[in-house]
There are 2 protein chains.
Amino acid sequence: MLPRSIAARSTRFSSAPQLQRLSTRCPRTHSLLLPSRIYHSRSSFIAGAKTHKAARWRLPQPATKRSLTTKPLPSTQSRFVRFCYRSAAYCGSVVLITGAVITAFFIYDATTYKNDPSNEEITVSELALHPRRGGPKNLPIASVLVDDDDQEGREMQTQKYKPKLVILGTGWGSVALLKGLNPDDYHITVVSPSNYFLFTPMLPSATVGTLELRSLVEPVRRIITRVKGHFLKAQAEDVDFSEKLVEVSALGPNGEKQHFYLPYDKLVIGVGSITNPHGVQGLENCHFLKDVSDARKIRNTVIRNLEAACLPTTSDEERKRLLSFVISGGGPTGVEFAAELFDMLNEDLCNYFPKILRSEISVHVIQSRGHILNTYDEALSRYAEARFAHDHVDVLTNSRVKEVQPDKILFTQKDEETGKIVTKELPMGFCLWSTGVSQTEFCQKLAKKLDGQNNKHALETDSHLRLIGAPLGDVYAIGDCSTVQNNVSDHILTFLRTLAWEKGKDPQQMEISYKDWRSVAKRVKQRFPQASDHLRRLDRLFEQYDKDKSGKLDFGELHELLHQIDSKLTSLPATAQRAHQQGQYLARKLNKIAHAAPGMRLNEMDYGDLDEAVYKAFEYKHLGSLAYIGNAAVFDINGLNFSGGLLAVYLWRSVYFAQSVSFRTRVLMAMDWTKRALFGRGEYTTCVYRSNILTAPHRHDELLDKTQQP
Amino acid sequence: MLPRSIAARSTRFSSAPQLQRLSTRCPRTHSLLLPSRIYHSRSSFIAGAKTHKAARWRLPQPATKRSLTTKPLPSTQSRFVRFCYRSAAYCGSVVLITGAVITAFFIYDATTYKNDPSNEEITVSELALHPRRGGPKNLPIASVLVDDDDQEGREMQTQKYKPKLVILGTGWGSVALLKGLNPDDYHITVVSPSNYFLFTPMLPSATVGTLELRSLVEPVRRIITRVKGHFLKAQAEDVDFSEKLVEVSALGPNGEKQHFYLPYDKLVIGVGSITNPHGVQGLENCHFLKDVSDARKIRNTVIRNLEAACLPTTSDEERKRLLSFVISGGGPTGVEFAAELFDMLNEDLCNYFPKILRSEISVHVIQSRGHILNTYDEALSRYAEARFAHDHVDVLTNSRVKEVQPDKILFTQKDEETGKIVTKELPMGFCLWSTGVSQTEFCQKLAKKLDGQNNKHALETDSHLRLIGAPLGDVYAIGDCSTVQNNVSDHILTFLRTLAWEKGKDPQQMEISYKDWRSVAKRVKQRFPQASDHLRRLDRLFEQYDKDKSGKLDFGELHELLHQIDSKLTSLPATAQRAHQQGQYLARKLNKIAHAAPGMRLNEMDYGDLDEAVYKAFEYKHLGSLAYIGNAAVFDINGLNFSGGLLAVYLWRSVYFAQSVSFRTRVLMAMDWTKRALFGRGEYTTCVYRSNILTAPHRHDELLDKTQQP
Ligand SMILES: Cc1cc2nc3c(=O)[nH]c(=O)nc-3n(C[C@H](O)[C@H](O)[C@H](O)COP(=O)(O)OP(=O)(O)OC[C@H]3O[C@@H](n4cnc5c(N)ncnc54)[C@H](O)[C@@H]3O)c2cc1C
Ligand SMILES: Cc1cc2nc3c(=O)[nH]c(=O)nc-3n(C[C@H](O)[C@H](O)[C@H](O)COP(=O)(O)OP(=O)(O)OC[C@H]3O[C@@H](n4cnc5c(N)ncnc54)[C@H](O)[C@@H]3O)c2cc1C
């Protein structure tokens, strides 16, 4: 609708006799596109305004009506009035559109409420309700699950007779695998003690309340619906490779552990890692940061310390100790946590807590190497150190923690100049232990059982990710719990030896021409894609190792060449990136195998080499590293370094935003960042340490919280 | 910007010689408000289009420039084109505005990051760091706090010498008080074991994940900044009324309890209540719902049961038991929780869990009265019951819980027809105990110490909310922990007796005329506003109780009359509404007292009656009750009943939305509801029961969660 005064003024002309005169005298003026500069003058506007009132009285009705039609856009002489008209129209339309969106939302929202409880017929196989017993320990064998017969277009039933794929763990590796699998190829069962996937890179942010913990998790049951999988909240205890059974334990209905077997045709191990204790004593006085519950505990301890520091009974010395936050480990996790903690203390805290706290807070990072973020480019770790220095975050390099006591931490520090090692102590109220990873008990158990497992830190796989020592093609391992063997020389030499024996030759006498060397190199590249980088100039390598310049490599020379390559290959990093790539790779391969398998079986081909037959070996592609360091961020992407302030932070956020696991978590993250901007972190609001005595009437004196140890 | 074709067409006129002619021949056409209907014709538009191209070649530059000016709005003859133009303009502006809003947000967001740690000088009084000891138990006395001297315009310092107001608790009552107090009248210290205010009415929703727990809490430190108050996370243990000291205990730096005194000039007790055990055994097997941590525990237990029900080792019988959810108590909290639980199980669950779970789930409400929601209008409780019947929520009325065992609940049920009482048992996997409130230990201690405290369930106050038995005007009690004495007859008779004695008369002989009666009634109304309703028709009452029709009431008759009024007065409900009103009332009174006090002291008036002198007695105004019952809601607002489906739910939400404590919580709630609509409740994602063994390397076998008892 037009603003009233404009509508009224237009009346003046429609009723004035001049108007008719004008229309006949200048027939072409009807085009209202006349350039305004020429036709406008301030006086005419005033004149219009003067006649305005009288006109309204004469003919008010038509004006009002006309303003609602799709008649030509109204025109006035005043730029201001036109501007107003436009603004009003835009404003109105924004309101209308917003209104429409809100209405649509409510209508949509209403459809999300279900009114009638569904009352379908449920069929459950007898075997699912009463599983038979068996296996080496005579435990129940879960060969059929309660949802194998779930209806909904009998979808589950078509899966029932497919090869059983069991996936252990719901971390980065397993979830990437789940997201890549075709829906109808396998009967998929996921086993994990955590029923959600956790977006670990954001965990340090969630710790201090920048993000909600719930925004970082995606329920596994939601992820598996696409592949019509099953989920058991349980923990793998052992694997019987010969009978193809995973021994699983779960909390039963009365809270006691119950063991049972889960049969598999293919097993994927993606159980991740645990924190490396490095043999340090007193880690029960530390916090860890691996899981949602850890983040919550850290939050609560930080708040408890701050609140305790405000009490009149707390001495000055104790206050300083309570507010001394120590982070052991200067890797990305430790650094990001230190940065987030500092932000929280610096941005949100000083507004609400007594000022004395702010001045007595200290944050320390203890790092065993010479620099923090030592896996990053040196320029970046320098930038991070400078940033921390500016923020008064205390970085202690070349320092190793010796012992953690409840109220202090003992560490040795090497003087960079003198090389002397001195033991120091640091009073602390909070310590985060974040110093690399080591193997879970389950993996240790498997490694002991299998031949060819020599790595203390992870399960070894070949470059097709098959677990070494297990029957070929039955068991795969991905992510933090695994490492890909880099035994180029062993593999090739065994291969050549076999070849030689077959030809009846003594392998030690074997001589390799440049042509042979090229085909060996091709085999290496295929089998160990990671080695390709070191096999670029085959001719140079050949020349270099052909020490006697005979034009041929003898066995010793070849051995040395391959050994050199081995030593250049580093083991894969324990990162989400690697786990994700391995999961994706395995999904692609398992999809191919599922389609190839029936044909293979018909041709009676050797099933064992199916992996190699259908798909290439796994190759890790490093995409870069990034870290958040206190209102700044550093990137190390394919050799391209970038570090900077807020802009980098936004970039850092958008990388994770894009990487985030689902549309749902993306929206939640955006909401959280908005909340942080609007209301601060709100960290100090949540305090689950209060015991429930207010509600449990019988234990009133526990109303105050007890210190909870990790 | 204008669409290109329109801009180009306008060129035609600016370059054509006609234009000059027109401008001189019709000097008044510059008013562009000419009614378009008259001047437009389809042919002229076509003509315009024809000359268009030529014009562009002749003078392209000015055209482009002109289209960016504020020249008259473009006009064409086609309604469709005009419509398109308008739409495009609106659409563009929406995009621009949205863009501007986002940009503005980012700019704002950037300002919320603080770059430089503040390095002000902090002065803290010596007495705050080393408090002197004293009081009956020779504990430290916190007469000065560490933030009393905080700078920021020396604001805190002006408070330092104001009367000390100590507020115990951070619930509905205390927060309403804090929000109503003037900033500069008192030195305010808030003491509570919880450092947040909890919006209890929404707690049942948060339990199942419809709302985030964080959206329901508001940090106390944020609330107290306005009044420049202090907060101590501690628990009141006792009060020494003669020395005006509160004994407080807090968790010290090493996690041990530390006691100290907090001196007050005025003390407000708002410590709430605890759940009423009703003497039932086995409540350790129940959950309660009073606090954030309770809600989290409930969430986890529900999920744990669902996950356990999916295990192959769980028998059919156990599965049914695990999925039997029992709610003891059919009041608003119990009913709302049952409804939310049912919603969650019905809406979100069946999509992700095996179907068999849905068909074996049962929800039971055990209610001791004949109806659920028995404090509401009967029509509403009927509606709620019908709704539950439709949803297959089992309502057991006239039933009393006898004992709760870990896996079942024993209760007695009275047959409504025969009146016989039979004992029944119900297997259950989860039990919520929500059956009314009783007194905290702290309040019991105070009640025992003071004269005139006869109520077993709450601290008694007079109608000015002053704690009975404590020195007049020193101590107030509000909210669930308190009740206002309705001793009209005692009060008036004592008053009359004193009057009689003063006049040397025997009170028993006293006779009261109608005029006297009116002044007595006036006194009653003033002192007991709650009784006003029962004192509407003074003449009728007088007639009724003047049994000997003497025209006068003798002492016995008056006593009976007042006693009757007493019996009609019910005690105030233990609701947020009441606590809120009492907090508001007390804030207003304390503000008045602060301003009156200096004058009073000058005139050496009796400080004791200041309350009555400055402000009226407290009167509770019931605004209504509402409850959410499974995609429907019931309202009982000032006698007006309303019940209905989704529309009522939205209304229900908006009531709480409006009532919500701050803009922050309001935004968070809106976000949560949006999340629910978009992604479901996400309940089954959070599971903090996983122990931290993945992170704590030394206790691997605890990886599976242990049942945690409330
Ligand atoms: C705080 C933090 C920040 C990080 N930041 C980054 C980063 O920014 N970038 C990056 O690339 N990497 C980062 N990482 C590393 C990354 O999270 C890991 O490399 C990645 O999670 C490894 O994936 P995974 O699938 O091997 O194991 P995980 O993701 O650890 O998952 C292991 C899964 O196995 C389950 N499980 C454990 N034991 C058993 C059992 N016995 N049976 C069955 N299931 C079991 C667990 O419950 C879990 O679901 C970070 C890690 C942490 C802790
Ligand atoms: C789940 C639930 C739903 C509810 N729904 C509604 C509803 O819809 N409408 C309604 O009107 N009412 C509702 N109520 C009731 C309402 O919450 C209470 O009536 C209200 O909270 C009472 O306010 P209060 O200030 O007296 O105490 P509370 O709000 O209970 O607060 C007591 C405070 O005192 C603190 N405290 C306890 N002990 C001590 C101590 N020794 N020293 C210092 N501090 C102490 C506690 O930490 C807490 O902060 C509901 C209650 C619950 C539990």
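The model is predicted, so local features need pLDDT of at least 70 and side-chain atom pairs count only at pLDDT 80 or more, while totals for chains, interfaces and linings use all residues. Residues are numbered from 1 along each chain as its sequence is written, chains are lettered from A and ligands numbered from 1 in the order in which they are written, and side-chain values use heavy atoms, with hydrogens and water left out.

**Around ligand 1**

- Ligand 1 has 29 residues around it, and those that come nearest are Gly173(A), Thr200(A), Ala236(A), Asp480(A) and Thr575(A); a residue counts as near if one of its heavy atoms lies within 4 Å.
- Chains A and B both contribute residues around ligand 1, so the site is shared between chains.
- The shell is made up of 13 nonpolar, 14 polar and 2 charged residues; here Ala, Val, Leu, Ile, Met, Phe, Trp, Tyr, Cys and Pro count as nonpolar, Asp, Glu, Lys and Arg as charged, and the others, Gly among them, as polar.
- In chain A, helix H9 (172-180), strand E4 (187-192), strand E8 (235-240) and helix H22 (576-602) each give the shell at least two residues; helices (H or I, at least four residues) and strands (E, at least two) are DSSP runs, numbered from the N terminus.
- H22(A) provides the largest share of that shell, with 3 residues.

**Polar contacts and cover**

- An oxygen atom of ligand 1 lies 2.9 Å from a polar side-chain atom of Thr170(A); a polar contact is a pair of N or O atoms within 3.5 Å.
- Ser192(A) has a side-chain N or O atom 3.3 Å from an oxygen atom of ligand 1.
- At Ala576(A), a polar backbone atom is 3.0 Å from an oxygen atom of the ligand.
- The protein buries 89% of the 990 Å² that ligand 1 exposes when taken alone, by the Shrake-Rupley method with a 1.4 Å probe.

**An annotated stretch**

- An unreviewed UniProt entry annotates residues 88-108 of chain A as "transmembrane region"; such annotations may be inferred rather than shown by experiment.
- This stretch, residues 88-108 of chain A, is 100% helix and 0% strand, with its end C-alpha atoms 30 Å apart.

**A sheet in chain A**

- Three strands form an open, antiparallel sheet in the order E16-E17-E18; strands pair if DSSP finds at least two bridges between them.
- Strands E16 (399-404) and E18 (421-427) are at the edges with a single partner strand each, so one side of each is left without a neighbour in the sheet.
- E16(A) is joined to E17 (residues 408-414) by 5 bridges, and Ser399(A) has Gln413(A) as its bridge partner in E17(A).

Key. A polar contact is a pair of N or O atoms within 3.5 Å; within protein, one must be able to donate a hydrogen and the other to accept it, and residues adjacent in sequence count only if both atoms are side-chain atoms.
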